[in-house]
Amino acid sequence: MTELRRFAPRVLWLANDASCVRAQLAGAQLTREQAGALRDDISTDEISPLPAMVHFDETLGRYPYTGFAVQGQRPIGVDAIRHAGIAVVVGGQRYGKGSSREHSVVAELSAGVRLVIAESFERIYRQNADNAGLFTSTDFGLIERIRNAEAIPLDELLAGRDALAAAILRAGGLLRYGRACALAFAAAPAPDDGRPMTLFDKIVARHALATPDRPAPREVGEGGFVRADLRFIHEYYTAMAAHLLDAEFGDALALHDKSSIVCFEDHLSYVHRSPVHVQQGLVGGVRALSQGHRAFVARHGLTDHGYLQALEAGDAGNTGSQGISHAMVAEQYALPGQLIVGTDSHTPHSGALGCVAFGVGTTDMAFAFVNGAVRFTKPPQLRVDFEGQLPAGLTAKDLVLHLLAREDIRAGAGVGRVFEFGGTVVQGLSIDERATLTNMVAELGGFTGLVAPDEETVRFLHQRRGMRFDLQPWMCSDAGTQYEQVIAVDCSRLSPMVARPGDPGNGMPLAALAAPVRVDIAYGGSCTAGKREDFDHYHAVLAWAASRGLRVAPGVTLYLQFGTAAVRDYCVERGYLEAFESVGAELLQPACGACANCGPGVSTEAAQVTVSAINRNFPGRSGPGQVWLASPPTVAASAIAGELMSFADLQLRA
């Protein structure tokens, strides 16, 4: 007998017209033609904005889409989706881009949403939806049928999905699927078909798992499981993971191989200086997240990298963290050939070392905690070769902003793909710079990014960890390997890049600005731009300025935030702090900070303009103002100039 699903006939088109959205919430039923153009690139920052992130249970149902921005307005208020009885939400292209936060899916489900239809979805969002039991589809033909109270065959809702995704949705989510199937995992045999393999394929093959009813995924689009060498989680997700696991397993909960689990408190250690947290009374919720994180760590005896100064009773603030999770994983844990998962979309950061590292949601991580297995769907692969001579003053950030601005990438050519970076320019980059490329695969929409390990990798491991690592002959892609697409970039033709406010894909050459753009805030830091070499760039610009008696321009505030305590110590040892302080920069201890709208460096007014070295500038990401993305040297030079400016142009002007 055909299994059917019924949905309440209340549909919300996330349109480009704020009045259209409000009318639907008030009861209007619109056709697609009446709704008009749909919003593309709806980010998880908009689906579950920062005020919602202090919750990890059904309370999230009050907040879905409260950050949704259109025409400079936010037409969806707290409890609006629940009160309107919305069951089906419809969006445009690349729905759910950005953060790996499963809070977005939980918020939608808890508000009564049962189906999301969009022209396309980002990989992590859709996998999170599967894992939580939320249906997603690209079939717009379903909408009229649902409005006509037609029951939809489950097979139609699952059309085009891989067998594992379909099985998970039929079971009502990943944890229920795992328990119902009583999964027993075993190492899968290595492929022996003689085909050339990419480095990504080789690493995955060495970590592939099989179950009695599901072989390891071999072909693109096949779903299965892989074994992780390292699983890491941070405090935004730990309490939610604990909540899910307790509900599913209770006192019978036992974690698999606790020695390969690492926990971090990196996002919220500056909330005492976060305007939105303080003004909206969110500090107590943050304390609850930290308490939940620490209770889980203590209960299971897990490795934890926490705050530099622990929260005292009644004290909501502290002086920063030991470091940003994925930055510390690259510094201290990741090795070539490994497979690493973390609850952060920027987990691919460690791919700079020649490992496969990718972000997952909370349910995926909860499942991995119990089974040691990670859900995995074989992705297509791209090769990006950066060739030519990299002009002086350009950094990896300029390279990735150029890549993001390509029309094919903006149209979604990178969504769900593996990015293998190579070419003569990449061979000449340090691991820190390579990490900028792999880190921002998240903004490219990709599954992960990696660079084949080489002597630079060996040097990094010896310098940073004092270890000697022997490269293995297999740690490279085979000659004759086929990629879905090969992108060649002539770096000699590039110049300093920026990305206009609203999306990292809004890239343009800095020299193409039609008029000067004043800045109020300059921020250098985050996982992307808080590494040692990033601080080398900040120092080169600011030491030059200090030697000429220049300071941060009047009306501008410059924040420099270390990515890890090791980066801070490096700057102290190199004597960088004198130059930073002499030009008037404010130095901040490690934390995700302004990048996650969680500390100094965020805007407080819509009219403020920020130039930032972070990785994404979605609406509301770092406060209500306008955020331009730029490289570390451009951020530092702009702080001195008081307007967007490259270091080369600043030198000419002086």
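**Exercise 1.** State how many bridges join strand 9 to strand 15, and describe the sheet that holds these strands.

*Solution.* Step 1. Strand 9 (residues 223-227) and strand 15 run antiparallel and are joined by 5 bridges. Strands here are DSSP runs of E with at least two residues, and helices are runs of H or I with at least four residues, numbered from the N terminus. Two strands pair if DSSP finds at least two bridges between them. The model is predicted: local features need pLDDT of at least 70, side-chain atom pairs count only at pLDDT 80 or more, and totals for chains, interfaces and linings use all residues. Residues are numbered from 1 along each chain as its sequence is written, and side-chain values use heavy atoms, with hydrogens and water left out.

Step 2. Gly223 stands opposite Thr377 in strand 15.

Step 3. An open sheet of 4 strands has the order 7-8-9-15, with antiparallel pairing. Strand 7 (186-187) and strand 15 (373-377) are at the edges with a single partner strand each, so one side of each has no neighbour in the sheet.

**Exercise 2.** Determine the order of the open sheet with parallel pairing, and identify the helices that pack on it.

*Solution.* Step 1. The 4 strands follow the order 18-17-16-19. Strand 18 (448-451) and strand 19 (485-490) are the edge strands, each pairing on one side only. From one strand to the next, the twist averages 20°. Such angles run from 0 to 180 degrees between N-to-C directions, with axes fitted to C-alpha atoms, for helices over the stretch in contact.

Step 2. Strand 16 (residues 381-387) pairs with strand 19 in the parallel sense over 6 bridges. Ile487 in strand 19 is the bridge partner of Val384.

Step 3. Helix 20 (residues 431-439) touches strand 16, strand 17 and strand 18 (contact means heavy atoms within 4.5 Å), and its direction makes about 155° with that of strand 18. Helix 11 (residues 199-207) lies across strand 16, strand 17 (418-422) and strand 18, at about 110° to strand 18.

**Exercise 3.** Identify the element that gives the largest share of the lining of the largest pocket.

*Solution.* Step 1. Helix 12 (235-249), helix 13 (275-279) and helix 23 (526-529) are the elements that give two or more residues to this lining.

Step 2. The largest share, 3 residues, comes from helix 13.
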